[in-house]
Amino acid sequence: MLKRVITGAVFTAIILGGIYLRGWALRALMLAAMLIGMFEVYRAIKKTGAKPAEWAGYVYAVLAIALEALVQLPNAPEWLKTMNAPATALVIGLLLGLSAIVLRGRVDFPALSATVLPMAYPGFLFSMLASLQDIPNAAMALAALLIAFFLASINDVFALFTGMALGKHKLSPEISPKKTIEGSIGGLIASAVFAMLVAWLLDWAQAAGVAQALRIGEAETEFSILGFAMMGVFAGAMSQIGDLTASLVKRHCGVKDYGTIFPGHGGIMDRFDGILFCGAVCAVFFQIMR
């Protein structure tokens, strides 16, 4: 337990540092996590006997983060600024991966699916998570990053304790036997409260005149507490789906954890499973809120 707490504290400090600095620091952090996460998923899938063209996935990861960064440059050409960087990178990655498998000259559908899956999960989801810092409104960008990175943990903790205290009905017995519907509801309530708290804190920060310290400028942004509560519930639900998705893939591949990079927690994908799905929800929600 002590090892898990220490690892969690270090992880939180690194993520908070990246969120505060944003820019290239956060991009580099996301690129490293994306590459390691894709490596972990490819490694797990290869245990089933599949032989993916994983180099195409790594090319996609670098291209996705690089294009997103180039689009944000002040002197970027107009054609680049209008580009949908995540989608463009994904299309190129898929074309490379599919070409590599087809040109092997064999009918090998397991290799094809094993090549493509990690580009979508976790690849594209990491790309969406990384793009949250590029939301034009700095206050909204900070809210999106805080919710995306930390709501999943809040959800997990409260789901665990609620499930231990009240859990009777299994949520998904074959994929994750310990999860309960009661625990899930507890996690969703906590997620809504956390999202509302983020909105309230940023409202307070702007009213108290400490916006500059948070690097969100002086422009006031009104946050809908009710809107954030609803988004928190949906993000919490998708966080739980992300956790179950990770468990499904691991059970299919016959692995307990994706890796060992985080002592007591497992690999990057064991830590980011729910975060990635939260990030996707935030990307959609804050796109609407722009």
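A polar contact is a pair of N or O atoms within 3.5 Å; within protein, one atom must be able to donate a hydrogen and the other to accept it, and residues adjacent in sequence count only if both atoms are side-chain atoms.

1. **What you are looking at.** This is a predicted model, in which local features need pLDDT of at least 70 and side-chain atom pairs count only at pLDDT 80 or more, while totals for chains, interfaces and linings use all residues. Residues are numbered from 1 along each chain as its sequence is written, and side-chain values use heavy atoms, with hydrogens and water left out.

2. **Arg27 and Asp134.** The side chains of Arg27 and Asp134 make a polar contact of 2.7 Å. The pair also forms a salt bridge (2.7 Å, N to O), a term for a side-chain nitrogen of Lys or Arg within 4 Å of a carboxyl oxygen of Asp or Glu. Asp134 lies in the loop between α6 (109-130) and α7 (138-166) and Arg27 in helix α2, so the bridge ties together parts that are 107 residues apart in sequence.

3. **The surroundings of that pair.** Are Arg27 and Asp134 buried or exposed? Arg27 is buried, at 8% relative accessibility, and Asp134 is buried too, with a relative accessible area of 13%. Buried means under 20% relative accessible area, exposed means over 50%, and partly exposed is in between (1.4 Å probe, protein chains only). Leaving aside neighbours within four places in sequence, Arg27 is in contact (heavy atoms within 4.5 Å) with Ile65, Glu68, Ala69, Gln72, Gln133 and Asp134.

4. **Other salt bridges.** The structure holds 5 salt bridges. One of them joins the side chains of Asp243 and Lys179 at 2.7 Å, N to O. This pair links distant parts of the chain, with Asp243 in helix α9 and Lys179 in strand β2 (residues 176-180), 64 residues apart. Asp243 is buried at a relative accessible area of 15%, whereas Lys179 is partly exposed at 27%. Lys46 and Glu54 also meet through their side chains in a salt bridge of 2.6 Å, N to O. Here Lys46 is partly exposed, at 36% relative accessibility, and Glu54 is buried, at 15%.

5. **The nonpolar core.** Which residues have the most contacts inside the largest nonpolar core? They are Leu129, Phe149, Phe228, Phe272 and Phe286, in a core of 77 residues. Such a core is a set of buried Ala, Val, Leu, Ile, Met, Phe, Trp, Tyr and Cys residues joined through side-chain atoms within 4.5 Å. Not counting residues up to four places away in sequence, Leu129 touches Met30, Leu145, Ala148, Phe149, Phe272, Ile275, Leu276 and Gly279.

6. Leu197, Trp200, Leu201, Trp204, Val210, Leu214 and Ile225 make a nonpolar surface patch of about 620 Å². Patches are made of residues with over 30% relative accessible area and no salt bridge; like charges are joined within 9 Å, and nonpolar side chains (Val, Leu, Ile, Met, Phe, Trp, Tyr) within 5 Å. Helix α8 (residues 181-207) gives the largest share of this patch, 4 residues. Val210 is in the loop between α8 and α9 (225-253) and is partly exposed, with a relative accessible area of 31%.

7. Back in helix α8 you will find Ser184, which counts as buried at 11% relative accessibility. Beyond residues up to four places away in sequence, Ser184 touches Leu171 and Gln240. Leu80 belongs to helix α4 (residues 78-81) and is buried at 9%. Leaving aside neighbours within four places in sequence, Leu80 is in contact with Leu70 and Val71.

8. **Two backbone details to look up.** Most residues other than glycine have a negative phi, and most peptide bonds are trans. Tyr121 and Pro122 are joined by a cis peptide bond, with omega about 15°, and Pro122 is in helix α6. Arg22, a residue other than glycine, has a positive phi near 50°. Arg22 lies in the loop between α1 (2-21) and α2, and is buried, with a relative accessible area of 11%.

Conventions: Accessible areas come from the Shrake-Rupley method with a 1.4 Å probe; for residues, only the protein chains shown count as cover. Helices (H or I, at least four residues) and strands (E, at least two) are DSSP runs, numbered from the N terminus.
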